[in-house]
Amino acid sequence: MGELQRELRRLRNVRGLSQTQVARELGFVPSAVSNWESENPKQKRSGPKRETIERLDALYDARGALVKLWEAHARNGETPVWLRTDKQLSERASAIEIVTPTVVPGLLQCPSYARFALREGRPNDSMDVIDQLVAVRCRQLEQLSAGTRVSATFPELGILAAPEPTRREQAAHLLALIDTGRITVHLVPRDDVLAGVTSPFQIYRLHDGTRAATIDHTNGSILVNESPGITRLNELARSALGNAASRHESLRRLKEMTT
């Protein structure tokens with residue numbers, strides 16, 4: 001068991017919490033907490049992302065120690081594969097295709113929208129925790145490789161559901177990203193649905209020509225690197241794109257939202 005896993009288990013025991021209690025507090029299933037505390041190289045496991053580590057740090061009153069340990073592991077390469085997946089894929093990707101069934105993808109969120117989305121999804125978290133998560137989320141895009149292109153398909157209602165000032169800021173943020181030439185946005189009109197898309201997913205086209213994907217679940221991102229799974233996600237992405245407005249029409253709708 002690695003240092004990070006040992007510390008997660010130790011801090012939980014110090015606080016007198018069971019894995020079930022921690023899972024309930026953070027909105028995960030108990031098996032996710034068990035996975036975070038155990039490292040079995042023969043099994044694929046979903047480890048905590050940085051935002052989850054920050055919440056665990058607050059829950060265990062670790063005063064930043066857990067976050068520093070997580071960062072140290074990420075820097076020196078000791079982080080388990082399941083913890084490095086998203087970062088590694090982003091660094092190796094020439095293009096990323098994102099499909100989300102309800103909201104603006106986290107990679108493309110402005111601070112006010114990220115705060116809105118996180119508060120809706122984590123009603124029991126303090127504003128200090130929310131603000132920490134907002135900062136992490138809004139740094140994600142700048143951490144991509146400079147040449148990486150991003151295409152996103154998501155419902156128009158994901159923006160319209162936000163309060164008016166947030167809606168305008170998010171629409172303007174997307175327009176600015178589109179102007180860079182790296183970001184493409186396809187909005188699914190409010191009267192249409194993304195049939196078959198139950199969870200957000202990302203498809204990565206890597207520089208060596210291969211593809212990989214991740215699916216977001218409550219207990220972390222699940223890596224998909226087998227052909228049948230990627231083919232299925234490609235089919236869902238094509239179907240989502242078929243239900244979406246054109247790039248030109250999506251641009252027009254975004255401009256309308258800023259007024």
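**Notes on the predicted model**

1. Residues are numbered from 1 along each chain as its sequence is written, and side-chain values use heavy atoms, with hydrogens and water left out.

2. How many disulfides are there? The count is zero, a disulfide being a pair of cysteine sulfur atoms within 2.5 Å. Cys110 is in none, and its nearest cysteine sulfur belongs to Cys138, 7.0 Å away. Seen from Cys138, the closest cysteine sulfur is that of Cys110, and 7.0 Å is too far for a bond. Cys138 is partly exposed, at 25% relative accessible area.

3. Now the chain overall. It has twelve helices and six strands; these are DSSP runs numbered from the N terminus, helices being H or I with at least four residues and strands E with at least two. Of its 259 residues, 47% count as buried. Among contacts (heavy atoms within 4.5 Å) with a separation of 6 or more, 72% are between residues 24 or more positions apart. The chain exposes about 13,100 Å², and carbon and sulfur atoms supply 49% of that; the areas come from the Shrake-Rupley method with a 1.4 Å probe, and for residues only the protein chains shown count as cover.

4. The largest nonpolar core holds 29 residues, and those touching the most other members are Leu108, Phe154, Ile159, Val185 and Leu254. By nonpolar core I mean a set of buried Ala, Val, Leu, Ile, Met, Phe, Trp, Tyr and Cys residues joined through side-chain atoms within 4.5 Å. At least two residues of this core come from each of β1 (93-99), α7 (111-121), β2 (149-155), α10 (164-179), β3 (183-188), β4 (201-206) and α12 (247-257). Which of them gives the most? That is α10, with four residues. A separate core of 19 residues includes Leu11, Phe28, Ala32 and Leu59.

5. Ile159 deserves a look of its own. Beyond its neighbours within four places in sequence, the contacts of Ile159 are Val104, Tyr113, Phe154, Arg167, Gln170, Leu174, Leu187, Leu254 and Met257.

6. Helix α7 has buried residues at Ser112, Tyr113, Ala114, Ala117 and Leu118. An α-helix has 3.6 residues a turn, so residues three or four places apart point the same way. The cover over the buried residues of α7 includes α8 (127-137), α9 (157-160) and α10. Arg115, also found in α7, is partly exposed with a relative accessible area of 29%. Not counting residues up to four places away in sequence, Arg115 touches Met127, Ile130, Asp131 and Val134.

7. On to the hairpin. Strands β4 and β5 form it with four residues between them, and Gly209 in the turn has a positive phi of about 95°. The two strands run antiparallel, joined by five bridges, with β5 spanning residues 211-217; strands pair if DSSP finds at least two bridges between them.

8. Is Thr214 buried or exposed? This β5 residue is buried, with a relative accessible area of 0%. Its side chain makes a polar contact with the side chain of Gln202 at 2.7 Å. A polar contact is a pair of N or O atoms within 3.5 Å; within protein, one must be able to donate a hydrogen and the other to accept it, and residues adjacent in sequence count only if both atoms are side-chain atoms.

9. Thr100 sits in the loop between β1 and α7 and is buried at 3% relative accessibility. A polar atom of the Thr100 side chain lies 2.4 Å from the backbone oxygen of Val103. Ser246, in the loop between α11 (227-243) and α12, is partly exposed at 42% relative accessibility, and its side chain reaches the backbone nitrogen of Glu249 at 3.1 Å.

Technical notes. This is a predicted model: local features need pLDDT of at least 70, side-chain atom pairs count only at pLDDT 80 or more; totals for chains, interfaces and linings use all residues. Buried means under 20% relative accessible area, exposed over 50%, partly exposed in between (1.4 Å probe, protein chains only).
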